[in-house]
Amino acid sequence: MATALTIPNDWTFPAAGGKRRQILDGAAGVFLASGFDGASMGEIARAAGVSKGTLYTYFVSKEELFRALLREKCSDIAERCFQLDPQGDVGAELTAVARRYIAAMAEPDYIATLRVVISAAEKFPAVGAAYHEAGIETTVALLSRWLAGKSADGELAVEEPELAARQFICSCYAQTVTPVLFGDLRRPAPEAVARAIRFTVDAFLRAFAPRP
């Protein structure tokens, strides 16, 4: 029997309170306005209403601070989108996950964060790696674990759960979120999202249907 999924401990970003929360909130606005390269620790300290000494007490570098923001945002999306019921109907669970994930990815704040990551990645590879590890790898791990459980129960026949999870996740946002990310300022139309989800889930179920 499949077991309930939980967010891996090393990806759970603890609730930030007090000064730490104040710094993260201030930094988020600065990074979105100035980009990673353009943001300075001095500007972040001013936006957060703390001294530079206090800022460096919590985060030793701008890179560490940005990675903390990415972990927080990505773990929030994972918690909201990739909690799947081990006993739930496969099609219904995948449909619900796809709907939640597309909605979260299309949020203006998240799109803006992704653009900051993309613009910084060439000059600061560690920033791109941090997003890939905290965002993509976490969601893949959660979904692939659920797919493996469903395959063990005989509800699916997925030989490589990790690859199947990547395929499903990419299919979810390829036609809905990607155009927004690269310049279309409109949120994906509800009918386009519904059509993309139906196609993705139907194709996935056909590809990995249990063998007779």
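**Cavities, pockets and helix packing**

Reply: The largest cavity holds about 60 Å³ of space, and please keep in mind from the start that this is a predicted model.

Me: Which residues line the largest cavity?

Reply: The lining of the largest cavity is made of Cys 74, Ile 77, Tyr 101, Met 105, Tyr 110, Tyr 131, Gly 135, Ile 136 and Thr 139. The elements that give two or more residues to this lining are α4, at 62-81, α5, at 90-105, and α7, at 125-152.

Me: And which of the helices gives the most to that lining?

Reply: The most comes from α7, which gives 4 residues to the lining of the largest cavity.

Me: What classes do the lining residues of the largest cavity fall into?

Reply: In the lining of the largest cavity there are 7 nonpolar residues and 2 polar ones, while no charged residue takes part.

Me: OK, let me step back for a moment. How many helices and how many strands does the chain have?

Reply: The protein chain has 10 helices and 0 strands, and its C-alpha trace spans about 65 × 35 × 25 Å along the principal axes.

Me: What about the second largest pocket, which residues lie nearest its centre?

Reply: The second largest pocket has a volume of about 260 Å³, and of the 20 residues that line it, Ala 28, Leu 69, Lys 73, Asp 109 and Thr 113 lie nearest its centre. At least two lining residues come from each of α1, at 18-38, α4 and α6, at 108-121, and the largest share, 8 residues, is supplied by α4.

Me: How many charged residues are in that lining?

Reply: The lining of the second largest pocket has 8 charged residues, along with 11 nonpolar and 1 polar.

Me: Switching to packing now, at what angle do α1 and α6 pack?

Reply: The angle between α1 and α6 is about 10 degrees, and their axes are 8 Å apart. This makes α1 roughly parallel to α6, because angles under 35 degrees are counted that way. On the α1 side the contact is made by Phe 31, Leu 32, Gly 35 and Phe 36, and on the α6 side by Asp 109, Ala 112, Thr 113, Val 116 and Ala 120.

Me: And α8 with α10, are they roughly parallel or roughly antiparallel?

Reply: Helices α8 and α10 pack at an angle of about 160 degrees with their axes 9 Å apart, and they are therefore roughly antiparallel to each other. The crossing of α8 and α10 is right-handed. In this contact Ala 164, Phe 168, Ser 171 and Cys 172 of α8 meet Thr 200, Val 201 and Phe 204 of α10, and by class these residues are 5 nonpolar, 2 polar and no charged.

Me: What does α5 do with α8, at what angle do they pack?

Reply: Helix α5 packs against α8, at residues 161-174, at an angle of about 55 degrees, with the axes 9 Å apart, and the two are therefore oblique to each other. α5 passes α8 in a right-handed crossing. The residues that meet are Leu 94, Val 97, Ala 98, Tyr 101, Ile 102 and Met 105 in α5 and Phe 168, Ile 169, Cys 172 and Tyr 173 in α8, and by class they are 10 nonpolar, no polar and no charged.

Me: One last thing, where does Thr 95 lie?

Reply: Thr 95 lies in helix α5, and if its neighbours within four places in sequence are left aside, Thr 95 is in contact with Ile 197 and Val 201. Gly 42 and Thr 95 are 53 residues apart in sequence, and from C-alpha to C-alpha they are 45 Å apart in space.

Notes
Residues numbered from 1 in each chain as written. Predicted model: local features only at pLDDT ≥ 70, side-chain atom pairs only at ≥ 80, totals over all residues. Heavy atoms only, no water. 1 Å grid on protein atoms, 1.4 Å probe; cavity = no way out; pocket = protein on both sides within 12 Å on 5 of 7 lines; lining within 4 Å. Points joined across faces, edges and corners; volume = space filled by probe spheres on them. Nonpolar A, V, L, I, M, F, W, Y, C, P; charged D, E, K, R; others polar. Axes fitted to C-alpha atoms, helices over the stretch in contact; angles between N-to-C directions. Parallel < 35°, antiparallel > 145°, perpendicular 65-115°, else oblique. Left-handed = near helix turned anticlockwise from the far one by under 90°. Contact = heavy atoms within 4.5 Å.
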